[in-house]
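Please prepare a short briefing on the structure shown below.

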Amino acid sequence: MGSYEREKVAGRRAEFRRLHEAGCFVIPNPWDIGSAKYLQMLGFKAVATTSSGFAFSRGLPDNVGYGHRDDVLMHCAEIVAAVDIPVSADFQSGFGPDLDKLRTSVRRCIGTGVAGFSIEDSTGDVDRPLFDISEAVERIQVARSVIEETGVEVMLTARAECFLVGQADPLNESIRRLQAYSEAGADVLFAPCPATRENLQALVDAVSPKPLNAIMSGFTGFTVADLAGFGVRRISVGSALARAAWTGFIGAAKQIADYGSFEGLNELVSFKELDAFFASS
């Protein structure tokens, strides 16, 4: 990376940190270069990758395993290169079953030029779905130490996956873990959970004054203004936009396959509009 590229990356990283200082912003999740460029055109101030959206685009299930790290790193680098706004990486559980490999993976993630990345505490093991809290804390500490060693301004998001894996008393366990991750050096806290007013308010209050990321993975009735009113600082959508695209594709394809009908191709965005957008971007 040359000096000009380093300067651009540093500027995006500084801007990403500023976005977290006050207010509330949406960080939508593109699944490929085209969707990232379009989200930037719509005026979003930052984007974040989605492990599941990317996996589905590759014909793969979402998996927190360690076998496809290079593909994920290449994807992160592609999205960073495609847009002029900060990019945060969904880096799953850090692609390191041990701390040395985690350290290597985090260093390589930072090397893609991302402005931030997330580390979750899910193991991918059905018999032990979450790292013990002491292990999970140590992994956040390792990620923080790598950031400090590299001397760059990258934001670290720590995720508690308690709701997603069916942990007993998921709200209180999420709070316990997020507070520990905050003390371990996380900049942003995130517990993907059912989007209820009670859950979101409890999580915001528990991690304050650090920012909380909330996810809107479907329509809940809440607006950005509602979430801002709860004190949420950052809103992501995970795989939702990718699934919205898949919904349109599946519906149209099934109409053709099942009924010989092309009704699902009605009211599409035009070829001319998309072609012109990508020609100009």
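A search of the whole structure finds 17 salt bridges, a salt bridge being a side-chain nitrogen of Lys or Arg within 4 Å of a carboxyl oxygen of Asp or Glu. The model is predicted: local features need pLDDT of at least 70 and side-chain atom pairs count only at pLDDT 80 or more, while totals for chains, interfaces and linings use all residues. Residues are numbered from 1 along each chain as its sequence is written, and side-chain values use heavy atoms, with hydrogens and water left out.

- Side chains of opposite charge can pair when their charged atoms come close.
- Arg 58 forms a salt bridge with Asp 71, and their closest N and O atoms are 3.3 Å apart. This pair links distant parts of the chain, since Arg 58 lies in the loop between α3 and α4 (69-82) and Asp 71 in helix α4, 13 residues apart. Helices (H or I, at least four residues) and strands (E, at least two) are DSSP runs, numbered from the N terminus.
- Arg 58 has a relative accessible area of 47% and is partly exposed; Asp 71, at 30%, also counts as partly exposed. In these terms, buried means under 20% relative accessible area, exposed over 50%, and partly exposed in between (1.4 Å probe, protein chains only).
- A salt bridge also joins the side chains of Arg 108 and Asp 70 (3.1 Å, N to O). Here too distant parts of the chain are linked, with Arg 108 in helix α5 (residues 99-111) and Asp 70 in helix α4, 38 residues apart.
- Arg 108 is partly exposed at 36% relative accessibility, and Asp 70 is partly exposed at 45%.
- Arg 17, Arg 144, Glu 153 and Asp 187 are linked in a network of salt bridges.

**Strand β7**

- Five of the five residues of β7 are buried. Met 155, Thr 157 and Arg 159 are buried on one side, and Leu 156 and Ala 158 on the other, so that both faces are covered.
- β4 and β7 pair in the parallel sense over five bridges, where pairing requires that DSSP finds at least two bridges between two strands. Ser 118 has Thr 157 in β7 as its bridge partner.
- β7 also pairs with strand β8 (residues 188-190) in the parallel sense, over three bridges. Arg 159 stands opposite Phe 190 in β8.

**Largest pocket**

- The largest pocket has a volume of about 600 Å³. On a 1 Å grid over the protein atoms alone, a pocket is an open set of points where a 1.4 Å probe fits, with protein on both sides within 12 Å along at least five of seven lines; lining residues have an atom within 4 Å of a point. Grid points are joined across faces, edges and corners, and a volume is the space filled by probe spheres set on the points.
- The lining of the largest pocket has 38 residues, and the closest to the centre are Asp 90, Arg 159, Leu 164, Pro 192 and Ile 215.
- Elements that each supply at least two lining residues include β4 (116-120), β7 (155-159) and α7 (162-165).
- The lining divides into 14 nonpolar, 17 polar and seven charged residues. Ala, Val, Leu, Ile, Met, Phe, Trp, Tyr, Cys and Pro count as nonpolar, Asp, Glu, Lys and Arg as charged, and the others, Gly among them, as polar.
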